[in-house]
Amino acid sequence: MTLKYLLRKEFTQIRRNPFLPRLIVMFPIMIMCIMPWVMNMEVKNVVVDVVDNDRSTLSQQLVHEIAANNYFSFHGQQPSYTAALNDIEHSEADIVVVIPQHYSRDLTLGNKPQVLIAANAVNGTKGSIGSVYLSQMVTTNAVPTLQALQTNVSTFYLFNRQLNYKRYMIPALFAIIMMMITGFLPTLNIVGEKEAGTIEQINVTPVNKWTFILAKLIPYWLIAFFVITVCLLLSWALYDITPVGNVALIYLLAMLLALFFSSFGLIISNYSDTMQQAILVMWFFVVILLLLSGLFTPTRSMPAAAYLTTYANPVSYFIDAIRTVFIRGGNLKSILHQVLALLGIGLVMGCWAVQSYKKNH
Amino acid sequence: MNAIEVNQVAKRYGKVQALQDVSFSVRKGELFGVIGPDGAGKTSLYRILCSLLLPDEGSVRVEGYDVIQQMKEVRKRVGYMPGKFSLYQDLTVEENLHFFATLFGTTVEDNYDAIKAIYSQIEPFKDRKAGALSGGMKQKLALCCALVHKPSVLFLDEPTTGVDPVSRKELWDILSLLKKREITIVASTPYLDEVRRCERVAFLSEGKIRGIGSPEKILHEFSDIFSPPNLEHDEKHDNNKVGSTTENVIEVEHLVKAFGTFHAVDDISFTVRKGEIFGFLGANGAGKTTAMHMLTGLNQPTSGTGRVVGYDIRTDYEQIKKHIGYMSQKFSLYEDLTVAENIRLFAGIYGMDDKEIKHKTNALLQRLNFSEHRDSLVSSLPLGWKQKLAFSVSIFHSPGIVFLDEPTGGVDPATRRQFWELIYDAAQRGITVFVTTHYMDEAEYCDRISIMVDGKIKALGTPTELKQKFNKPDIDQVFTYLARQAKRSSD
C-alpha cells in the first residue's frame with residue numbers, strides 16, 4: 001500500500017526534474033544515431049605514400065589501383081624511402097609502399113621482385129590490416145592468375161553475411177545505454193535525498209526498508225523498458241537492423257541488466273555521503289565493467305586472470321547473450337546460462353541494496 | 001563622512017522585485033542593523049553592497065568608492081560573511097585562514113593583531129577540519145577569515161542563525177570590540193537582543209525600507225512583528241495535564257552514545273509526561289541532536305535504556321516510528337513536490353487511505369488558511385510557511401509524541417509566535433511535544449525544560465523552578481550560567 005504513495009512521489013520528482021526527462025529521452029536517441037557510425041572497427045582511409053623506383057606501366061598501374069581503392073587514401077608519390085618515412089614520422093602517412101627498380105622487367109622475366117610495405121604500427125590494428133590489404137593488392141597485380149586461384153577457396157560468413165559492424169555493435173550499445181540510465185540515475189537518487197536532508201524524515205517513519213528500496217528501483221526499471229523500446233525502434237528505422245531472435249528475450253535481458261545496475265547504483269548511494277563521491281565510485285566501476293565485458297575486445301583474448309573476472313561481470317553475460325539473440329537468433333536455451341547468471345548477480349545486488357540501507361545506526 | 005551611502009537602489013529578479021527604492025547611509029564606525037523577515041531582500045542588499053551583484057537602479061558608495069565603477073577598491077576594503085557557512089569544510093581552521101589571507105595578498109602573521117581577540121578562542125583547534133567545528137566556532141572562524149585583510153567595513157548576513165545563546169553573546173562582544181577599532185559593521189539578525197545592540201537599525205520588508213532609527217524606536221514602531229504579545233500559558237491546558245501526569249511518554253535511564261572515546265551523550269536520565277511540552281536545551285555540540293536521534297530510532301544507544309511511547313529504543317525502534325512525529329533540523333519536506341503531494345506522501349507512509357488523506361488535507365489547509373497554496377511547490381514557499389507545514393505534516397498522523405529539532409531557526413519573531421501557537425494547539429490535542437531551540441523566550445513557553453551541557457543534563461524542571469534554583473531573572477541567564485561551565489567547546 002505504502003508502495004503506491006512512494007512510487008507516486010518518485011515519478012512526480014522525476015517528472016519535475018528540469019533535466020532528467022530530457023536526458024531519458026535524448027540519451028538513447030543520441031547514442032543510437034551517432035555511435036553505430038563511430039564505434040566501427042573497420043579500417044578505412046589508410047594514408048599511403050608510394051615510392052615508385054621503376055616508373056614502368058606495370059608499376060604505374062599498381063599505383064593507380066592503390067589510389068582508386070576505397071580503403072586507402074593516396075597521399076602521393078615520394079622520391080625516396082627516406083622522404084616517405086619522414087611523412088610517417090609527421091603522421092601524414094600510415095603506410096609506405098616501395099616499388100623496386102626493374103619491377104616490371106623482373107616480373108616479365110619471371111624473377112621475383114621485392115615490394116616493400118612499411119606500416120606505422122602505433123595503431124596495431126590499422127597497421128596490420130592495412131598492410132594485409134596492400135599486400136593482397138600487390139600480389140594480384142603481380143600475378144593476376146592468383147585471383148582465379150583464390151576463388152576456389154570459399155569463405156562463408158554465418159549470421160552476419162555482409163560483415164556489418166553495426167549489426168555487431170548495436171546490441172552492445174544497448175548495454176552502454178542501460179548502464180548510463182539505470183546505473184547513474186539511481187546512484188544520484190538516495191545520496192541526493194541525503195544531501196537534501198529528506199532521508200532523515202523518511203527514516204523516522206515506519207516505512208519498510210524493502211518497500212522504500214523497491215519504490216526507488218521500479219521507476220528505473222520502467223525507464224529501462226522505455227529506453228530499450230526506443231533503441232529497438234531506432235535500430236530498425238535508422239539502420240534497418242532488427243533482432244533475429246525473440247524480442248521478448250531482449251527485453252528479459254535488458255530488465256535483468258537494469259536490476260543489476262539499479263541495485264548497484266543504490267548500494268553505492270547508500271555508502272556515499274555526497275553526490276560527488278557516489279558518482280566517482282560509480283564511474284570507476286562502470287569503466288572497469290565495460291572494458292572487461294568484451295564489448296570492445298573479445299574476452300577470450302584477455303589474459304587468464306582478466307578472463308576469469310568475466311564470470312562475475314554481468315555486462316559480459318549481457319553482451320554475450322544479447323549478441324546471441326540479436327544477431328544469431330538464439331533461443332532461451334542457448335542463453336540460459338547467461339540469464340541465470342544475470343538473475344543471480346541481480347538478486348544478490350538487490351538484497352545488498354536493501355541490506356545496506358540503514359534506518360537505524 | 002559616511003562609510004556607506006545607498007541611494008534609491010532597486011533590484012529585480014524576473015518578476016520578483018527584491019529591492020525597491022532603498023536609501024540609507026551608515027556613519028563611519030557605526031554598528032548598523034538590517035532586520036526584516038525571511039525573503040525581505042536582505043541578502044540581495046548585502047550582495048549589492050559587496051559589489052557581488054549589480055543593482056538595476058540607484059547608486060551605492062562604500063568608503064567613498066562606487067560599487068559598480070570602483071569594484072576593486074571596494075573589495076579591498078570590505079569583509080563579507082555570508083549567511084551560509086562559506087569556508088572550506090575539508091581544510092583545517094588554520095588552512096582556511098591562511099588561504100583567505102593569501103587571497104587578499106597578505107599573511108596571517110601580518111594581521112595577527114587584527115584577529116587576535118577572536119582567533120585566540122579557536123586557536124586550540126587550529127588543526128581541526130572546519131567542517132567538524134560546532135556552529136558557534138564556525139562563525140568565529142568565518143569572522144576571522146572576513147577580518148584577516150583588515151577591512152574597514154564588515155558585512156555580516158545573519159551571523160548567529162543556528163548558534164547557541166552563549167556563542168551568540170561572545171560573537172556580539174567581539175563586534176563591539178571591532179567597533180572600537182573604527183570598523184563599520186552592517187549586520188542582520190533575527191534575534192531581538194542582538195537588534196538592541198546595534199546603534200541604528202533599518203527595517204526591511206518586501207524589498208522596501210519601512211523605517212530607520214534607534215533599535216527601541218523601530219522595535220516599538222513595528223511591535224506587531226517584533227514583539228508579539230507573549231503566549232498565554234493556558235490554564236486549561238495545564239489543568240488537562242494534571243489528570244494524566246502519571247503516564248510517561250519517554251523514560252530514559254543512563255543513556256550513553258559514544259563515538260570512539262567521545263561521549264556525545266553521557267549518561268542522561270529523564271522522563272517526559274504525556275501531554276507536556278518539553279524543552280530540550282543545550283549549546284551547539286552539547287549532544288541534543290544525538291540524544292534525539294536515539295529517541296526517534298535513528299541511532300542505537302551505546303549503553304543505557306530508554307522507552308518511547310512504551311517501546312524499547314534498542315529493539316522496537318520500528319514500532320516507535322509508527323507512533324512518533326519528527327521534524328528535523330534540516331528542512332525535510334520534498335521541495336520539488338507540492339504542498340498536497342508532500343502531505344499525501346507522508347500520510348500514505350503512515351498507512352492512511354486516499355479518502356482519509358483527502359479529507360484531513362482539506363481540513364488542515366483550511367485551518368492553516370493555506371488552501372490556495374495547495375498546489376504550490378514547497379520550494380516556492382517562504383521559510384516560515386515551510387516550517388509550519390513541516391510541523392503540520394509531522395503530526396498529521398496524530399502521533400503520541402512529536403520531536404522538533406530547532407524548528408524555528410532563522411525565523412522572525414511574529415512567525416515564531418505563530419509556530420508556537422501550532423505547538424500549543426497540538427499539545428491541546430494531547431500530543432506530547434519534545435522540542436529543542438536556541439531561542440530562550442521559547443524555552444519559557446515550555447512546561448518543563450532540561451539544559452544539556454557536555455552530554456549531561458545539568459538542570460531539569462519548570463522554567464520557574466530553574467529560575468528560582470539558580471537565582472536568575474530569566475532562562476537566558478540560567479542557560480548562560482550553565483553553558484559557560486562547558487569544558488568541551490566543540491562537537
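Trainee: In which order do the strands of the open sheet of 4 strands in chain B stand?

Mentor: The order is β12-β11-β14-β15 of chain B, and the pairing is antiparallel. The edge places belong to β12 (262–273) and β15 (311–312) of chain B, each with a single partner strand, so one side of each has no neighbour in the sheet. As a general idea, the strands of a sheet pair through backbone hydrogen bonds, either parallel or antiparallel. Here, two strands pair if DSSP finds at least two bridges between them. Strands (E, at least two residues) and helices (H or I, at least four) are DSSP runs, numbered from the N terminus.

Mentor: Before we go on, this is a predicted model, in which local features need pLDDT of at least 70 and side-chain atom pairs count only at pLDDT 80 or more, while totals for chains, interfaces and linings use all residues. Residues are numbered from 1 along each chain as its sequence is written, and chains are lettered from A and ligands numbered from 1 in the order in which they are written.

Trainee: How many bridges join β14 of chain B to β15(B)?

Mentor: There are 2 bridges between β14 (residues 303–308) of chain B and β15(B), and the two strands run antiparallel. To find the pairing on screen, look for B:Val308, which faces B:Tyr311 of β15(B).

Trainee: Let's move to whole chains. What is the radius of gyration of chain A, and what would a compact globule of 361 residues have?

Mentor: The radius is taken over C-alpha atoms, and the globule rule is 2.2 Å times the number of residues to the power 0.38. Chain A has 28 Å, whereas a compact globule of 361 residues would have a value near 21 Å. Along the principal axes, the C-alpha atoms of chain A fill a box of roughly 95 × 45 × 40 Å. Chain A holds 15 helices and 4 strands.

Trainee: And how many helices and strands are there in chain B?

Mentor: Chain B has 19 helices and 20 strands. Its radius of gyration is 24 Å, close to the 23 Å that the rule gives for 491 residues, so chain B is as compact as a globular protein of that length. The C-alpha trace of chain B spans about 65 × 50 × 40 Å along its principal axes.

Trainee: What share of the residues of chain B counts as buried?

Mentor: A residue is buried if 20 or more other C-beta atoms lie within 10 Å of its own, exposed if 12 or fewer, and partly exposed in between, with C-beta atoms placed from the backbone. By that count, 47% of the 491 residues of chain B are buried; in chain A, buried residues make up 35% of 361.

Trainee: Which residues touch the most other members of the largest nonpolar core?

Mentor: A nonpolar core is a set of buried Ala, Val, Leu, Ile, Met, Phe, Trp, Tyr and Cys residues joined through C-beta atoms within 7 Å. The largest one has 139 residues, and those touching the most other members are A:Ala175, A:Met178, A:Leu257, A:Phe318 and B:Val433. Helix α11 (residues 247–271) of chain A gives the largest share of this core, 14 residues.

Trainee: Which residues does A:Phe318 touch?

Mentor: Two residues are in contact if their C-beta atoms, placed from the backbone, lie within 7 Å. Leaving aside residues up to four places away in sequence, A:Phe318 touches A:Ala175, A:Leu253, A:Leu257 and A:Leu342.

Trainee: How many residues does the contact take from chain A, and how many from chain B?

Mentor: Chain A gives 19 residues and chain B gives 26. On the side of chain A that touches chain B, α1 (2–16) and α9 (198–203) of chain A are the elements supplying two or more residues. The largest share of that side, 7 residues, comes from α1(A).

Trainee: How is chain A divided into domains?

Mentor: Domain bounds come from an automatic or database domain assignment. Chain A has domain 1 (2–39 + 161–356) and domain 2 (46–150), with C-alpha centres 47 Å apart. For chain B the assignment gives domain 1 (2–226) and domain 2 (235–336 + 377–483), whose C-alpha centres lie 32 Å apart.

Trainee: One last feature. What is the phi of B:Lys150?

Mentor: Most residues other than glycine have a negative phi. B:Lys150 is not a glycine, yet it has a positive phi of about 50°. B:Lys150 sits in the loop between α5 and β7 (153–156) of chain B, and counts as partly exposed with 17 C-beta neighbours inside 10 Å. B:Asp454 also has a positive phi of about 50° without being a glycine; look for B:Asp454 in the loop between β19 (448–453) and β20 (456–461) of chain B.
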